[in-house]
Structure formats: structure tokens, C-alpha cells
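Visitor: I am new to protein structures, and I would like to learn how to read a few features of one. Could you take me through them slowly?

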Amino acid sequence: MRRLALAVVIAVALTAPASAQDGRALFGEACSTCHGDDANGIRGTAPTLHGVGRHAADFYLSTGRMPLADPEDEPIRTRPAYTAAQRKALIDYIGSLGGPDIPRVDPAQGSLSEGEQLYASHCAGCHQIVGQGGVVPGGVAPPLQEATATQIAEAVRVGPYLMPKFSERQIDQRQLDSITRYVLSTRHPPDRGGWGIGNIGPIPEGMVAWLLAGAALLIVARLLGERRPT
């Protein structure tokens, strides 16, 4: 019933012209079911949105992680449920409740080598070294191949779901630019060793290599054995 009710709410909201949508009104129609009429949250269902800021609202709405069909679902990247105008209205309303603004990021100002080192230290353990994602206790670390530069920066500052958030004291602006530059570079990584095998990491790639090499050796051994006279 909850999923059906939420689907109806979203469908009604999306049929209205974007210019007629007020952020607070749209929030009341589509978000208050979980977050409460005044965005103070509902215990055991969803947290308060006071103080989360525009950066959190933009991240969750632009990546389609919100709204959830069920509060117990893990928020995953999907197609945004709202138009750009509706997202802006919601972001402006949630931003008016306090909190950080959308971070500015300029990958061109970052260092690729520094970004790789920082990413390896802070991110690769869950997202894999070239951003292909992975599995972590209690959830899934998503692939980063579709994330925009702003969404990458927002994730660092927001710490969505199980991911820890990093303040400017932990990761400053230059480091954030560098991490973003490195993540964007993983879209087309250089395969210096030849076949990239999906860039899924050295251990599975090594297993595939051994499997192929073993199969080739078995074929060669069989061919040589057939040629040997009885």
C-alpha cells in the first residue's frame, strides 16, 4: 500500500506544470509522508531535513535516490522522479531549512596523481580503484561512472547512506577537485596490460588470466598427446 500511495503522489505531482509548483507545496504532496509535514522527520521512518542543506537535497533528487518507494529500501541511483524545475523548487525549500549549499568543484584545477592517491586511501576500499562499485556490509557501494562532477563532490560532503562524509578539514577544496578529476578519468582508463576485462580489479582479472592460461595449456597438452605415437 505504501508503494502504491507513493506512486500516486508522484504521478499527481508530475502532471502539474512546473511553474505552478511551490517547493513547500510539492514537499507536502510527495515528501511529507516520510519526512513529516514540517520536514522534522518521522521517528523510525525518515530523518529530519532541517540543516541537511541544498547539497544533500540536490544529490538525492538529481540521482533519483529520493523519493523511496519504501523507507526501508536502500537508496540507489535511478532516473530522477522530478523535472529540473521541480527539483530546484524542492532544493530551494529544503535549503531554506538551513545547511550547506551545493559545493563548487573544478576538476581541471585538481591534480590527477594526488586525486588517485586520495581516492585509493578514502574511496577504493568500497568503490573499487576505478569506480566500478562493490559490496559492503549492509549495502552496496555504487559504481561512479554516471556521477557528474557536482554529484561526486556532494557525495564526499554529504556521505549518503553508509558512506562517511568528509568535511573541508578532512578533504579541502583542492583535494576535492583532485578526487573528482581522478574519478572522471576512470571513465576511460588506459589498459596498459592489454585487455581490461571490464577494469574490475587485479584479483578477478588475475583469476581470469589464470583460467584462460590453464585452458590454453590443457588444449596444447591434448594436441601434443594426440600426436604422440602409441
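This is a predicted model: local features need pLDDT of at least 70, side-chain atom pairs count only at pLDDT 80 or more; totals for chains, interfaces and linings use all residues.

Visitor: Where does arginine 157 lie, and is arginine 157 buried or exposed?

Guide: Arginine 157 lies in helix H8, which covers residues 149-158, and arginine 157 is buried.

Visitor: What does the side chain of arginine 157 reach, and which residues is arginine 157 in contact with?

Guide: The side chain reaches the backbone oxygen of isoleucine 171, at 2.9 Å. If we set aside the neighbours within four places in sequence, the contacts of arginine 157 include His55, Lys165, Phe166, Glu168, Ile171 and Leu176.

Visitor: How many aromatic pairs does a search of the whole structure find?

Guide: The search finds three aromatic pairs. One of them joins phenylalanine 59 and tyrosine 60, whose ring centres are 5.5 Å apart and whose planes make an angle of 85°, an arrangement that is edge-to-face. Phenylalanine 59 counts as buried because its relative accessibility is 4%, and tyrosine 60, with a relative accessible area of 18%, is buried as well.

Visitor: Why is the pair of tyrosine 119 and tyrosine 182 called tilted?

Guide: Planes under 30 degrees apart count as stacked and those over 60 as edge-to-face, so the rest are tilted. Tyrosine 119 and tyrosine 182 have their planes at 50°, with ring centres 5.2 Å apart, and therefore the pair is tilted. This pair links distant parts of the chain, 63 residues apart, with tyrosine 119 in helix H6 (residues 112-122) and tyrosine 182 in helix H9 (residues 173-185). Tyrosine 119 is buried at 1% relative accessibility, and tyrosine 182 is buried at 6%.

Visitor: How many disulfides does a search of the whole structure find?

Guide: The search finds zero disulfides. A disulfide needs two cysteine sulfur atoms within 2.5 Å, whereas the cysteine sulfur nearest to that of cysteine 123 belongs to cysteine 126 and is 8.8 Å away.

Definitions and conventions. Residues are numbered from 1 along each chain as its sequence is written. Side-chain values use heavy atoms; hydrogens and water are left out. Helices (H or I, at least four residues) and strands (E, at least two) are DSSP runs, numbered from the N terminus. Buried means under 20% relative accessible area, exposed over 50%, partly exposed in between (1.4 Å probe, protein chains only). Lys and Arg count as positive and Asp and Glu as negative; His and the chain ends are not counted. A salt bridge is a side-chain nitrogen of Lys or Arg within 4 Å of a carboxyl oxygen of Asp or Glu. A polar contact is a pair of N or O atoms within 3.5 Å; within protein, one must be able to donate a hydrogen and the other to accept it, and residues adjacent in sequence count only if both atoms are side-chain atoms. Contact means heavy atoms within 4.5 Å. Rings of Phe, Tyr and Trp (its six-membered ring) pair if their centres lie within 6.5 Å; planes under 30 degrees apart count as stacked, over 60 as edge-to-face and the rest as tilted.
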